[in-house]
Amino acid sequence: MPRKLDESRRLQKRAEQLIPGGVNSPVRAFKAVGCEAPFIVRGQGSHIWDADGNEYIDYVGSWGPLILGHAEPSVVEAILSAAVNGTSFGASTPSEADLAELVIEAFPTVQKVRFVSSGTEATMSAIRLARAFTKRKYVIKFEGCYHGHADSLLVKAGSGIATLGIPGSAGVLEEISQFTIALPFNDTEVLEQAFSKYRHLIACVIVEPVVGNMGCVPATGDYLASLRTITQREKTVLIFDEVMTGFRVAYGGAQELYGIKPDLTTFGKIIGGGLPVGAYGGRSEIMDLVAPLGPMYQAGTLSGNPLAMAAGIAQLKILRDKKSEIYPRLESLSAKLVEGVAAAAKDAGVPLSFQRVGSMFTWFFNPGPVTDWASATKSDVAAFGRFFRKMLDAGIYLPASQFEAAFLSAAHSEEDISKTIDAARAAFRK
Ligand code: KE4
């Protein structure tokens, strides 16, 4: 039975008069899935409710931050306790070092960390820092990886292999994008070509160690180890963008999972417990270049905001203290979900493959394997759109794009999983 959407429709009409597209981030407009986006008014555990009272099992979790589920009581309590003492001071507060300690304790490659208010600020600052440290200009990123919307990262691959980037958005200047080289992910040979072409000119390589932004795509074989070896040899800073994977794929992120030591790490999402927090960190030799200690400038009015710190501390403490039960359960429940839906697709003769690392995953409407942007874009996005809309009508809230990762939280239940698999079976049948 189709969902009632009157109130969301009314809210969308109002929002569109005031905010571009009615949204504060483009993916929320549901353009890629061809249906109207519900306005969400409440979340509790693994479920969310929209303005018309429709209930959904949520596999977006605010795009990753809510690994413990919505309105986790300790996180809410921490925010309320902080708020009654004031919401922001623009001055140092004890909680900033408390969250810094938790991050540094979980990530041994990080000796010092600086908090900002988004993942974009974190990656933008890390690149500036890598350029300051190496006194080099060029940045290597990978097609299909997204690191936020800083100009130098909104860059598409140039025409030839290992050629200079071209603007990936209106308003980004060629003068900026020319210093970013976009290469195919999981291809060491092309990486070597870029380094020989731009020898001693590359400040950093920034990578999602498990890509979430082309859909979930892990590195193949020893690709990450090769990245580390090559950047070490070339004295190029290796930045692991763990905004999505940090505290997600393991408590110590992808660098713990794969045993690779990057020079800098960027964080976001989970470390804010659902409030705006980003961070970048690494060894003191590099981080001590950051103002006011060193010459690399970066600042932020709400950096280290006490409410955001409180939420992040509460969430990370639960993950730290219960990691031996939380992560194995996320692993087994995610496997059950992802493989259950894939089996339903197989039974229905629907060409579907999947990639999963821990509790981040993507079902590709593509026989697979999906290992890079070129293979990801071979997916049948129309089929994904049909699946997405049927699942939404069945009360299953998936990421509104074939090229986004979905997330399971510690709040998801066996019942959620079986309901989702049943809904998928029905969706594949229609
Ligand atoms: P934010 O500026 O959105 O906090 O973080 C940017 C960012 C950086 N690095 C990685 C690996 C990321 O995934 C992101 C943001 N992720 C998207 C979801 N794919 C945020 C959702 C949105 O743009 O609305």
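In the predicted model, the ligand is surrounded by 16 residues, of which Ser25, Thr120, Asn213, Asp241 and Glu404 are the closest. By residue class, this shell consists of five nonpolar, seven polar and four charged residues.

On the backbone side, an N or O atom of Gly119 is placed 2.9 Å from a ligand oxygen atom. Among the side chains, Glu404 has an N or O atom 2.7 Å from a nitrogen atom of the ligand, and for Lys269 the corresponding distance, from a side-chain N or O atom to a ligand nitrogen atom, is 3.1 Å.

Helix packing was examined for H3, which spans residues 94–106, and H10, which spans residues 306–321. The axes of these two helices are 9 Å apart and form an angle of about 35°; the crossing of H3 and H10 is left-handed. On H3, the contact is made by Ser95, Glu96, Asp98, Leu99, Leu102, Val103 and Glu105. The H10 side of the contact comprises Pro306, Met309, Gly312, Ile313, Leu316, Lys317 and Arg320. Taking both helices together, the contact residues divide into seven nonpolar, two polar and five charged.

Several backbone features are found in loops. Pro292 belongs to the loop that links helix H9 (284–287) to H10. Pro369 is located in the loop between strand E16 (360–364) and helix H12 (373–376). A further backbone feature concerns Phe30, which adopts a positive phi of about 65° although this residue is not a glycine. Phe30 is situated in the loop between helix H1 (6–18) and strand E1 (40–44).

Definitions and conventions. Residues numbered from 1 in each chain as written. Predicted model: local features only at pLDDT ≥ 70, side-chain atom pairs only at ≥ 80, totals over all residues. Heavy atoms only, no water. Axes fitted to C-alpha atoms, helices over the stretch in contact; angles between N-to-C directions. Helix = DSSP H or I, 4+ residues; strand = E, 2+ residues; numbered from the N terminus. Left-handed = near helix turned anticlockwise from the far one by under 90°. Contact = heavy atoms within 4.5 Å. Nonpolar A, V, L, I, M, F, W, Y, C, P; charged D, E, K, R; others polar. Near = heavy atom within 4 Å. Polar contact = N/O pair within 3.5 Å; in protein donor to acceptor, adjacent residues only side chain to side chain.
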